[in-house]
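Trainee: I have a model open and would like to go through how its parts pack. Can we take it a piece at a time?

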Amino acid sequence: MVKEKVIKFAIILFVVISILTLVIDVKANQTGSTFYLFTQALNLLVMGILTYYIYKVNKQVADISENTLKVTREQMIKSELKETDAMIGNIDEYLGYANIVKQSALPHLGYESMKSILSQIPSYQKDPIVNSSSISMIDPKLSSNVELNAEDQKKYDHIKNIFTNNIPSSIMARYKLDDLYDNMDNLKRFNREREFYRFKKNTELIRDVINILEELLDEYIFSQNEKNLILPELDCNIYGAQRIYLMGGQVEDFLINLKGLILEEQKDIIMQKTL
């Protein structure tokens, strides 16, 4: 209502002033001079007002576009962070499967492999047998079913006892061959993953190593053992156990490396959020 009154008043004022300027021109015997000046001034005023409102409208459009862009950018960052969180969660699952597959070989490792693993545990770094650098023929003898002499048997029993006590109880008493099958099947799901498309070279390498690990399990464990056996009861030679353990470790290392790359990407995304 107020705006309508203002507009009506402006129109009436414009008409009155127009008539007055015409009257002034007639009395002064000047055709259109005062009226012309008035209309020109009014034109400038109207153009100024229009320019101001056009500027105001353009500014509002620019502000809306900027806010829309900001909201869209925040939504994209949230989406990217959600995607990287999902990838990290999946990698942690695959690391769990790979770890169980690798640890399935622990009860069947040879003397030198057990020594090597124990030497990385601080509490055994001063053990004279664990840290012995002398060349041993224990593994070749065991592989060839040759009886160990008293000294070698003593060394082997010492290492074997310490090592067995450090193997997780789940590996020694709970997991069976069925569980190993399941974990390997779950690990193989990585080969069908599509969410790691930005890390093609890394994922291809992991797929190759997983395929090799599956072949080793088929050759040294799955093909010659019954499914109801617990892992320590499996028939697996020293050489096969060592290869399975090392290849399982490779899968873990490559998965950890991929996780590191995703964490770096996530860090970059968070940095963009703060800009």
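Trainee: Which hand does the crossing of α3 and α5 have?
Mentor: The crossing of α3 and α5 is left-handed. Keep in mind that this is a predicted model.

Trainee: What angle do α3 and α5 pack at, and how far apart are their axes?
Mentor: The angle is about 50°, and the axes of α3 (residues 111–118) and α5 (residues 150–165) are 10 Å apart. That makes α3 oblique to α5.

Trainee: Which residues make that contact?
Mentor: On the α3 side, Tyr 111, Met 114, Lys 115, Ile 117 and Leu 118 take part. On the α5 side, the contact uses Lys 155, Tyr 156, Ile 159, Lys 160, Ile 162 and Phe 163.

Trainee: And by class, how many are nonpolar, polar and charged?
Mentor: The contact of α3 with α5 has eight nonpolar and three charged residues, with no polar ones.

Trainee: Staying with α3, how many of its residues are buried?
Mentor: Six of its eight residues are buried, so α3 is largely enclosed by the rest of the structure.

Trainee: Which ones are buried?
Mentor: Tyr 111, Ser 113, Met 114, Lys 115, Ile 117 and Leu 118. Lys 115 is on that buried list and is also part of the contact with α5.

Trainee: What does Phe 163 touch, leaving out residues up to four places away in sequence?
Mentor: It touches Leu 106, Leu 109, Met 114, Ile 117 and Leu 118. Phe 163 and Tyr 111 are 52 residues apart in sequence, with 9.8 Å between their C-alpha atoms.

Trainee: Where does Tyr 124 sit?
Mentor: Tyr 124 is in the loop between α3 and α4. Not counting residues up to four places away in sequence, Tyr 124 touches Leu 118, Val 130, Asn 131, Ile 162 and Asn 166. Leu 118 and Ile 162 also belong to the contact of α3 with α5.

Trainee: How far is Tyr 124 from Ile 162, C-alpha to C-alpha?
Mentor: They are separated by 9.2 Å, and lie 38 residues apart along the chain.

Trainee: Where is Asn 145, and is it buried or exposed?
Mentor: Asn 145 is in the loop between α4 (138–143) and α5. It is exposed, with a relative accessible area of 73%.

Trainee: Is Ile 210 buried or exposed?
Mentor: Ile 210 is buried, with a relative accessible area of 0%. Not counting residues up to four places away in sequence, Ile 210 touches Met 184, Leu 187, Lys 188, Phe 190, Asn 191 and Val 251. Its C-alpha is 8.2 Å from that of Asn 191, which is 19 residues away in sequence.

Trainee: What about Glu 193: where is it, and is it buried or exposed?
Mentor: Glu 193 is in the loop between α7 and α8. It is buried, with a relative accessible area of 17%; the cut-off for buried is under 20%.

Trainee: What does Glu 193 touch, again leaving out residues up to four places away?
Mentor: Asn 90, Tyr 94 and Arg 207.

Trainee: Last one, the whole chain. How many helices and strands are there?
Mentor: There are nine helices and zero strands. Of the 275 residues, 32% count as buried.

Technical notes:
Residues are numbered from 1 along each chain as its sequence is written. This is a predicted model: local features need pLDDT of at least 70, side-chain atom pairs count only at pLDDT 80 or more; totals for chains, interfaces and linings use all residues. Side-chain values use heavy atoms; hydrogens and water are left out. Helices (H or I, at least four residues) and strands (E, at least two) are DSSP runs, numbered from the N terminus. Buried means under 20% relative accessible area, exposed over 50%, partly exposed in between (1.4 Å probe, protein chains only). Axes are lines fitted to C-alpha atoms, for helices over the stretch in contact, and angles run from 0 to 180 degrees between N-to-C directions. Angles under 35 degrees count as roughly parallel, over 145 as roughly antiparallel, 65 to 115 as roughly perpendicular and the rest as oblique. A crossing is left-handed if the near helix is turned anticlockwise from the far one by less than a right angle, and right-handed if clockwise. Contact means heavy atoms within 4.5 Å. Ala, Val, Leu, Ile, Met, Phe, Trp, Tyr, Cys and Pro count as nonpolar, Asp, Glu, Lys and Arg as charged, and the others, Gly among them, as polar.
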